[in-house]
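Trainee: I would like to learn how to read sheets and helix packing. Please take me through a case.

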2 protein chains.
Amino acid sequence: MRIGLDMMGGDFAPLEAVKGVKLFLANGAADVHLVLIGDEQAVQPLLADARIDPSNYTLIHASQVIGMHEHPTKALKEKQQSSIAIGFHLLQSGKIDAFISAGNTGAMMVGTFYSIKAIEGVQRPTISTPIPREDGSYGLLLDVGINADCKPENLVQFAVLGSLYAKYILRRDNPTVGLLNIGEEEGKGNLLAQATYPLLKEHPLLNFVGNVEGRDIFDPRADVIVCEGFTGNVVLKMAESFHDIAVRRNIKDEYLEQFDFESYGGTPVLGVSHPVIIGHGISKGIAFKNMIVLAQQMIASKLPDHIRESFVKQ
Amino acid sequence: MRIGLDMMGGDFAPLEAVKGVKLFLANGAADVHLVLIGDEQAVQPLLADARIDPSNYTLIHASQVIGMHEHPTKALKEKQQSSIAIGFHLLQSGKIDAFISAGNTGAMMVGTFYSIKAIEGVQRPTISTPIPREDGSYGLLLDVGINADCKPENLVQFAVLGSLYAKYILRRDNPTVGLLNIGEEEGKGNLLAQATYPLLKEHPLLNFVGNVEGRDIFDPRADVIVCEGFTGNVVLKMAESFHDIAVRRNIKDEYLEQFDFESYGGTPVLGVSHPVIIGHGISKGIAFKNMIVLAQQMIASKLPDHIRESFVKQ
């Protein structure tokens with residue numbers, strides 16, 4: 001498999017991207033060939049310094065970079081030689097099997113939606129976050145920000161996409177699904193939650209366990225928690241702030257350390273035809289490595305194919 | 001001033017309510033006369049045991065109790081001799097100046113809306129939560145659950161109500177107001193947040209400082225943070241769960257201890273004609289004491305009058 005990595009994306013690129021490549025290759029991954037996309041003059045010396053075996057990668061030159069604060073649509077259109085534009089072109093033409101970037105998030109979203117597109121039947125591709133739990137396992141919360149206003153059927157689709165991710169990537173058998181809500185019983189919540197509950201309950205592909213309140217987010221009762229992207233994004237950033245508080249207050253706790261969401265690398269866009277992973281702008285080496293591992297898992301498990309099958313059935 | 005307290009409300013009533021009365025009186029409060037409402041036979045012996053000076057209170061007998069899980073409207077209608085029904089009757093007829101209960105939350109809401117009513121011009125009374133901050137101050141988040149679906153003008157009113165609370169109860173001069181959102185700039189967010197931003201920005205009574213993201217909730221940049229009650233309730237309960245996690249993991253930190261929201265006592269209903277405070281079902285003595293202190297502050301500061309004036313002006 002060929003995994004494309006934008007070497008120019010993120011606040012600490014290309015150095016941290018190179019570190020991520022080095023970390024990834026250190027574990028050995030004979031089936032992976034990395035396609036590194038970036039400014040040859042900036043990247044090649046770093047790869048050489050890091051003594052990365054050239055047989056493991058192909059470096060593709062990109063003469064342009066999309067800055068973190070550029071207008072996504074405009075930048076993608078005008079900078080056809082940028083690492084992000086080239087990455088999507090390679091993905092669309094089948095020359096890479098997955099594309100990863102910690103660059104301009106908006107440009108990554110626009111590129112995803114306009115080049116590789118949503119899987120047929122998926123109304124709204126979505127992004128998620130892993131939720132660390134005290135027993136060492138991970139749950140999944142989605143949507144965490146790209147779908148701020150949702151209809152009930154969007155949340156149902158997030159539940160299906162999240163369940164497939166939980167099954168094939170988190171390796172959870174028959175993953176449980178919860179609806180983020182503000183009460184325990186059916187009928188509680190805002191209009192969206194009230195309308196979504198019965199749809200989740202009746203859905204043949206879902207193992208729905210009912211409502212999950214704010215206090216239950218870190219609880220193992222639901223493997224997949226669905227909500228619209230507004231609340232999900234607030235939850236994600238608030239959880240991140242708890243990690244920051246713990247660090248600032250010098251609290252040492254191995255569970256709270258897992259609230260360092262940046263270490264997870266990035267979020268895959270679920271519901272699109274090929275694996276795309278969008279990294280945090282502040283990604284460091286470990287985050288880049290984790291994103292490559294995730295791309296590898298998504299390709300190996302054929303997650304997009306499983307999504308395609310589930311949405312054809314619906 | 002006369003403060004009414006439901007002695008039968010909450011999981012640990014009446015004993016913890018009596019403890020709260022004792023704690024409150026221990027600090028001396030010459031201007032407060034407590035009107036205790038409950039089953040005389042259950043409450044009187046506890047008051048005697050606690051050696052509470054009878055000159056500080058009047059005990060009003062209530063022969064009925066509304067259970068924590070009874071249907072609010074039905075229970076209030078059918079149990080006219082319940083402590084909650086009597087409390088609202090006393091408040092409505094001016095025999096008490098504030099009413100506090102840790103009993104059935106739904107019955108407290110119904111009683112509030114149908115007996116004492118909203119202040120003219122207030123479309124949706126609201127409930128809030130104090131937000132502890134690392135510098136020792138408190139912010140205010142509202143709504144936290146009774147208004148799950150909101151229009152932009154509701155959020156603007158919450159901002160006005162919250163600002164008045166911050167000014168008169170938290171004693172903050174010219175309190176800052178933030179809009180809970182999922183991006184920093186104007187134009188970000190869901191449809192509600194996008195439509196609310198310009199209204200907050202233009203409002204003559206508000207010191208609006210822009211969007212506040214999930215990671216900024218515990219940050220002192222906004223004294224008052226507004227959102228609809230769905231997200232607010234998720235945030236509140238999630239913050240409570242962090243306290244539970246810290247306790248469970250034996251993390252000792254004085255800031256995280258302040259995430260014990262139960263210790264604050266309860267939430268005042270803002271925007272109604274008289275102070276009403278709704279306590280947590282699991283309120284203990286310290287929570288009851290804190291609720292009495294809050295009622296005293298709300299009466300002494302004439303908060304409802306200030307709200308009335310602000311809403312007449314609008």
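Mentor: Start with terms. Helices (H or I, at least four residues) and strands (E, at least two) are DSSP runs, numbered from the N terminus. Two strands pair if DSSP finds at least two bridges between them. The model is predicted: local features need pLDDT of at least 70, side-chain atom pairs count only at pLDDT 80 or more, and totals for chains, interfaces and linings use all residues. Residues are numbered from 1 along each chain as its sequence is written, chains are lettered from A and ligands numbered from 1 in the order in which they are written, and side-chain values use heavy atoms, leaving out hydrogens and water.

Trainee: Which residue stands opposite A:Leu141 in E9(A)?

Mentor: A:Ile225 does. Strand E6 (residues 138-142) and strand E9 (residues 224-226) of chain A run parallel, joined by 3 bridges.

Trainee: In what order do the 11 strands of the open sheet in chain A come?

Mentor: The order is E3-E2-E1-E4-E11-E10-E5-E6-E9-E7-E8, with mixed pairing. Strands E3 (57-61) and E8 (207-212) of chain A are at the edges; each has a single partner strand, so one side of each lacks a neighbour in the sheet.

Trainee: How are packed helices described?

Mentor: By the angle between their axes and the distance between the axes. Axes are lines fitted to C-alpha atoms, for helices over the stretch in contact (heavy atoms within 4.5 Å). Angles run from 0 to 180 degrees between N-to-C directions. In chain B, the axes of H1 (residues 15-26) and H10 (residues 285-300) come within 7 Å and cross at roughly 55°. H1(B) and H10(B) are therefore oblique (under 35 degrees is roughly parallel, over 145 roughly antiparallel, 65 to 115 roughly perpendicular, the rest oblique).
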